[in-house]
Amino acid sequence: MSGTEPTADGLYELLAAYEGRPAAIGGTGKDPVNLPMIRHWCEAMGDAHPAYRGPDAIAPPTMLQAWTMGGLSGHTDRSGAYEELSALLDGAGYTSVVATDCEQEYLRPLRPGDEITFDAVIESVSPRKTTKLGTGHFVTTRMDVRTGGTLAGTHRFRILKYAPAGRPPATGPATGTGTTGTATTATGAERPSARRPRPVVNRDNAGFWEGVAAHRLLIQRCGDCAALRFPWLPGCADCGSGEWDTVEASGAGTVFSYVVMHHPSFPAFDPPYAVGLIELAEGVRMISNVVGVPYDKVRIGMPVRLEFLRADGELELPVFRAGGED
């Protein structure tokens, strides 16, 4: 849990003055809600719920933010307040950023043909906090998404703007190198590495991370309809039941899709590297790194096998090694 630190430089007062200022005014979705995007989303997520198909289809509620995204060309209806706030944080040495969590509230289903409008506001800026990643400020924006003038849902998105541990903000003394611990390479050697971001562990997914610590990849299974689901959720998307248990994945899988990350660079990573959407033998999909093969040799359909990467002294992660057929 992060701790609040007092500041004597007046920075927080400047940051807090941005609370309530707009981040976007009168934004419009670049496309209406449409079946092709719904289909692509459902295929990527492995969600075959019948409500998202056919003439009376609705959009998956979790697509709420997708209809507001500006793509590579961005939006022209953003206000300057958010950029000013970010510049203040950058100038104080909080130049790194990581998304920490989001909260969504769904008020009405979206259907193909709905035109999307949205407004966003800087809802809150936290006092200075110290986390395992480093010291910085949490910034929360709230977006209200509408169609036909009716509020369809809200999307709260929270980031941490921070100076990585070992690299203090510009207002403090310069100490450390930003490198802690070691990471295991594909050959088994250990090399110094910046700390990878910590996963957000909460009451809904704590069991998954307990399984990882024991070198077990656990998949949730509905206690009523027996549907498997991943990532972990508090309830079944098929029947709504809150009852569940787990099954252990065999570790076999294939690359369903992948991207190669070139930019932005991050101290804990060494781009370019492949990030895969892995279809497990049990039928669910998860996102993880593909290791054991050059990034430009990863292919859709490639067999992979689960293994556990020791990222540092505190963190292990499930990854998938290419060529993992038994």
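1. At 45% relative accessibility, Ala226 counts as partly exposed, a class that lies between buried (under 20% relative accessible area) and exposed (over 50%), with a 1.4 Å probe and protein chains only. Ala226 sits in the loop between β10 and β11, and its phi is near 70 degrees, a positive value in a residue other than glycine. Strands here (E, at least two residues) and helices (H or I, at least four) are DSSP runs, numbered from the N terminus.

2. Before going further, please keep in mind that this is a predicted model, in which local features need pLDDT of at least 70 and side-chain atom pairs count only at pLDDT 80 or more, while totals for chains, interfaces and linings use all residues. Residues are numbered from 1 along each chain as its sequence is written, and side-chain values use heavy atoms, with hydrogens and water left out.

3. On confidence, the mean pLDDT (the predictor's confidence in each residue, from 0 to 100) is 86 for the protein, and 86% of its residues reach 70 or more. Residues 171-192 call for separate mention, since pLDDT stays under 50 over that stretch, for which the model has 38 contacts beyond four places in sequence; a contact means heavy atoms within 4.5 Å.

4. As for the overall picture, the secondary structure comes to 4 helices and 17 strands, and 38% of the 326 residues count as buried. Among contacts with a separation of 6 or more, 64% are between residues 24 or more positions apart. The protein exposes about 17200 Å², of which carbon and sulfur atoms supply 56%, with areas computed by the Shrake-Rupley method and a 1.4 Å probe; for residues, only the protein chains shown count as cover.

5. Backbone geometry deserves a look at several places. Most residues other than glycine have a negative phi, and most peptide bonds are trans. His215, in the loop between α4 (206-213) and β10, has a positive phi near 60 degrees and is partly exposed, with a relative accessible area of 42%. A cis peptide bond joins Phe230 and Pro231, with omega about 5 degrees, and Pro231 lies in the loop between β11 and β12. Another cis peptide bond joins Pro271 and Pro272, with omega about 0 degrees, Pro272 being in the loop between β13 (252-261) and β14 (273-280).

6. Finally, Arg285 is found in strand β15 (residues 285-291) and counts as buried, at 16% relative accessibility. The side chain of Arg285 makes a polar contact with the side chain of Glu279 at 2.9 Å; such a contact is a pair of N or O atoms within 3.5 Å, where within protein one must be able to donate a hydrogen and the other to accept it, and residues adjacent in sequence count only if both atoms are side-chain atoms. Leaving aside residues up to four places away in sequence, Arg285 touches Glu43, Ala44, Met45, Gly46, Phe230, Phe256, Leu277, Ile278 and Glu279.
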